[in-house]
Amino acid sequence: MARLAAAAVAAGVLAAAVALPAVGGAGAAIVSATDVLDLKPEDLPEPPLAAETVIQDADGKKIAQFYEQYRKVVPLNKVAPVMKDAIISIEDDRFYQHGAIDIEGTARALVKNLASGGVAQGGSSITQQYVKQVLFNTAETDADKNKALEASYARKLKELRYAMAVEEKYSKDQILEKYLNIAYFGASANGVEAASQRFFGRSAEKLTLWQAATLAAAVQSPNNTDPSVGAAQRKRLLGRRNTVLDRMAELGKITPAQAAEAKAKKLGYKNTPLPPGGCEASKYPYFCLYVRFEILNNPAFGKTRGARAQLLSRGGLTVRTTLDLGMQKAAEEAIKKRVFASDNPAAAQALVQPGTGMIKAMAASRTYGGNAKKKEISYNLVADSAHGGGIGFQAGSTFKTFTLLTALKSGMKVSDGLTVGSSYRAAGYGSFKDCKGGRVGSPEHTVTNDEGGGGFKSLQTGTWGSVNTFFVALEERVGLCETVKTAKSLGIKKRGDGKPLQEVETFTLGVNEMDPVTVANAYAAIAARGKYCQPMAITQITDPTGKVTKFEPKCNQALDPEVADAAADVLSGVFTKGTMRGVGGIGRDAAGKTGTTDEYATAWFAGFTPDLASAVSLGDPRGSVTYKLTNVTIGGQSYPRVHGADISGRIWKDTMIGALKDVPPTTFHPINSARFGGCGQSCQPQQPARDENKEPDVLFELDPQTR
């Protein structure tokens, strides 16, 4: 009797304490008990709901999504009326009549709790439940999450204060909408739309009576009634669903006949798979990885990497990217034709738009994933380590282009050149200087020619033949540091693994490991007449409120436009007179450079038109120095050795033809012949007559065996 009396007194005190204007309507008095319980409205922090971030291609088509909690936020008018009736009937049937607190329900629960000696019944209104969900979802630690759910009067009173403020701030419909979007229904479904799709494979606005009752039944104890767990949980959910239907009939929301008909239905749980999340589930995983790391690496998206990761998985962003699915398809098909996913060597390719730096496609021969037995690759083959990549592959003779550019910048004409032998050794230690003034270059190291022999080589013929000895000698003449500076001005600032560039005499031969995105982007700057733009993958981001942030290309004039024009003219000859003459061009103005590294460790091709640039790498991810491209089978074809034109060059050609099929041809800007000599790559430069009495223009000492 004493306990019951105490309960009655406590219920009366609580009822008096909550008799606030927001509860009882206009004119209701605030009694002194309010001060005792400190029941005053307290503003509830309401960060945006955790929702999936969607990644889109350039045209707005979804290509990937990230989420920590799968949720689709929908307005209340996109929820079936029967769903609203069901949830209100079972959770808070007086929702539209009471204020922040249902006095009758709370008092009833308090009596039962005091009688049982604990917190046995919640008596929470939908508003209070919404508050609880907000506190739980915003908790960052397990301790905070447990505190948000603890069975204590302190927690309950805090909820009441927040609920009072919520009721003052929003209409009842707004509160119901917020609750339906935040509530957890079990089976990894957060919010009514995700639950509708997960449970029944349909949207929330198309729910039937028995389906709505099922979802309303799930929110009370979603873990105990999770139908994806097992038969016992499904049985409990079915029983709870029927309770919801009975309550709806009792309240007059439906007729007894309708309730009986709905109760006769089976549970109907379809277990619709959740949309796959993360880059491993995307059809374009390498591009997806690049976008993901663009966000993770950018302080504009959060002060810490953890904050940026949380934004990506919970922020509900819509990220529009530069990906062109037509160009992506062209790259994928070209690679698949030449290199199999089961091959040990792997091909990777990036396409970049000149003048903007926009990455239009990223493709590779290997499947992205974690199954090593299936030769899946677990990192970004197409990008640098800052974007999820590995160490990269030595770029080979694609780096000779930077020495060519430096020579043109220094005032050389395209017909100027050097007389070289078939091998090279530095005349002495320190004949090259790095950008710190350090002396590099060893006479003990011999450079030989794989493609092209000795003799007089001009900037044109030396480039077309990709003559190693010519380019090392040319680099010595124009300066190693100046060549490095040229490369850096075009975005070649670090190696693929993020480490500093190796500033050695063989820099021009491509001893630095690189990635296709970086190399393609450097060549894109030449195509854009020297306008360098940072690689760009994101064009705009829309947040959950609809605010749009647009991103523009970040560019600067890295080269004199006429220098770029002259380089493009020389590199055009690679297709007609050089190392790609056996492969041929693409039916429009194009320029490029093959890249075969020492002892055939890797093979590249990088090239461009005025409209598109691309770079293709080929190497063995197990370690290109150990597993070389000699005596290998690639794409079902055997190769004694692989040059840059053999596979990479052909992939480049097929890709560019496919990617540009709907793009009208654009011509290169003509070379300034008065400044650089020559008359374009269509002219065969004349070999200068040699004066037998004059010492050859040699800047190095020939190997004694070849003198």
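1. Let's start with one cysteine: Cys435 is partly exposed, with a relative accessible area of 33%. On this scale, buried means under 20% relative accessible area, exposed means over 50%, and partly exposed lies in between (1.4 Å probe, protein chains only). Before going on, please note that this is a predicted model, in which local features need pLDDT of at least 70 and side-chain atom pairs count only at pLDDT 80 or more, while totals for chains, interfaces and linings use all residues. Residues are numbered from 1 along each chain as its sequence is written, and side-chain values use heavy atoms, leaving out hydrogens and water.

2. What does Cys435 form with Cys481? The two form a disulfide, with their sulfur atoms 2.2 Å apart; the term is used here for a pair of cysteine sulfur atoms within 2.5 Å. A disulfide is a covalent bond between the sulfur atoms of two cysteines. The link of Cys435 and Cys481 is right-handed, with 110° about the S-S bond. This pair links distant parts of the chain, 46 residues apart: Cys435 sits in the loop between β11 (432-433) and β12 (439-440), and Cys481 in helix α20 (residues 480-489). Helices (H or I, at least four residues) and strands (E, at least two) are DSSP runs, numbered from the N terminus. Cys481 counts as buried, at 14% relative accessibility.

3. A search of the whole structure finds three disulfides, so do look at the others too. One of them is formed by Cys533 and Cys555, whose sulfur atoms are 2.1 Å apart. Here, too, distant parts of the chain are linked, 22 residues apart: Cys533 is in strand β16 (residues 531-533) and Cys555 in strand β19 (residues 555-557). The torsion about the S-S bond of Cys533 and Cys555 is about 105°, so this disulfide is right-handed. Cys533 is buried at 3% relative accessibility, whereas Cys555 is partly exposed at 30%.

4. Next come Cys279 and Cys288, which form a disulfide with sulfur atoms 2.2 Å apart. Is this link left-handed or right-handed? It is left-handed, because the torsion about the S-S bond of Cys279 and Cys288 is about -80°. Cys279 is buried, with a relative accessible area of 3%, and Cys288 is buried at 1%.

5. Finally, a look at the backbone. Lys375 has a phi near 60°, a positive value in a residue other than glycine. Lys375 lies in the loop between β7 (359-364) and β8 (393-394) and is partly exposed at 28% relative accessibility. Asn631 has a positive phi as well, near 50°; Asn631 lies in strand β23 (residues 630-634) and is exposed, with a relative accessible area of 67%.
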